[in-house]
Amino acid sequence: PYHVSINQNLYLEASLHSSDPSLELFLDTCVASPTRQNFTTRSYDIIKNGCVKDPTYTSYYSPYRHTLRFKFNAFQFVRSNPEVYLQCELVVCRAFDYSSRCHQGCVQRYKREANS
């Protein structure tokens, strides 16, 4: 566990350990939950489909394609234990594959209307 106060900046870094220098990382989804077992019922999206959902989220420059750096403000779920659990999904892509998920950025997924 990592202990922080409410609204304190929480800095995170993710790195891919590979001997292939042409790989890069992309943060696709990052979800918070008050329990470690369930990230769907009561959850809070920080990043979803590459789109920033939390207004306190900031990404930081990294000189390495295989390292991501970002921060957001620590928070607590109302009427819950003070613990908050994170589950993040990262995508590994070829650095210069401009059709890859890493280069698509924020992807808005719209619900289709059901026809009668």
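**Exercise 1. Find the sulfur atoms of cysteine 51 and cysteine 106, and work out what they form and where they sit.**

Step 1. Cysteine 51 and cysteine 106 make a disulfide, with sulfur atoms 1.8 Å apart. The cut-off for a disulfide is a pair of cysteine sulfur atoms within 2.5 Å.

Before you go on, a word on the model: it is predicted, so local features need pLDDT of at least 70 and side-chain atom pairs count only at pLDDT 80 or more, while totals for chains, interfaces and linings use all residues. Residues are numbered from 1 along each chain as its sequence is written, and side-chain values use heavy atoms, with hydrogens and water left out.

Step 2. Look along the S-S bond of cysteine 51 and cysteine 106: the torsion is about 90°, so this disulfide is right-handed.

Step 3. Now place the two ends. Cysteine 51 is in strand S4 (residues 51-52), and cysteine 106 is in the segment after helix H1 (101-104), so to speak 55 residues apart. Helices (H or I, at least four residues) and strands (E, at least two) are DSSP runs, numbered from the N terminus.

Step 4. Check the cover. Cysteine 51 is buried at 4% relative accessible area, while cysteine 106 is partly exposed at 41%. Buried means under 20% relative accessible area, exposed over 50%, and partly exposed in between (1.4 Å probe, protein chains only).

**Exercise 2. How many disulfides does the whole structure hold, and which pattern do they follow?**

Step 1. Searching the whole structure turns up 3 disulfides.

Step 2. One of them joins cysteine 30 to cysteine 88, S to S 1.9 Å. This pair links distant parts of the chain, 58 residues apart: cysteine 30 in strand S2 (residues 23-33) and cysteine 88 in strand S7 (residues 85-94). Cysteine 30 is buried at 0%, whereas cysteine 88 is partly exposed at 30%.

Step 3. Another pairs cysteine 93 with cysteine 102, sulfur atoms 2.2 Å apart. Both of these cysteines are buried. The torsion about their S-S bond is about 90°, so this disulfide is right-handed.

Step 4. Count the bonded cysteines along the chain and you get the pattern 1-3, 2-6, 4-5.

**Exercise 3. Describe the aromatic pair of tyrosine 11 and tyrosine 60.**

Step 1. Start with the count: there are 5 aromatic pairs in the structure. Rings of Phe, Tyr and Trp (its six-membered ring) pair if their centres lie within 6.5 Å; planes under 30 degrees apart count as stacked, over 60 as edge-to-face and the rest as tilted.

Step 2. Tyrosine 11 and tyrosine 60 are tilted, at 6.1 Å centre to centre and 45° between the planes.

Step 3. Tyrosine 11 lies in strand S1 (residues 9-15) and tyrosine 60 in strand S5 (residues 58-60), so the pair ties together parts 49 residues apart in sequence.

Step 4. Tyrosine 11 is exposed at 52% relative accessibility, and tyrosine 60 is partly exposed at 37%.
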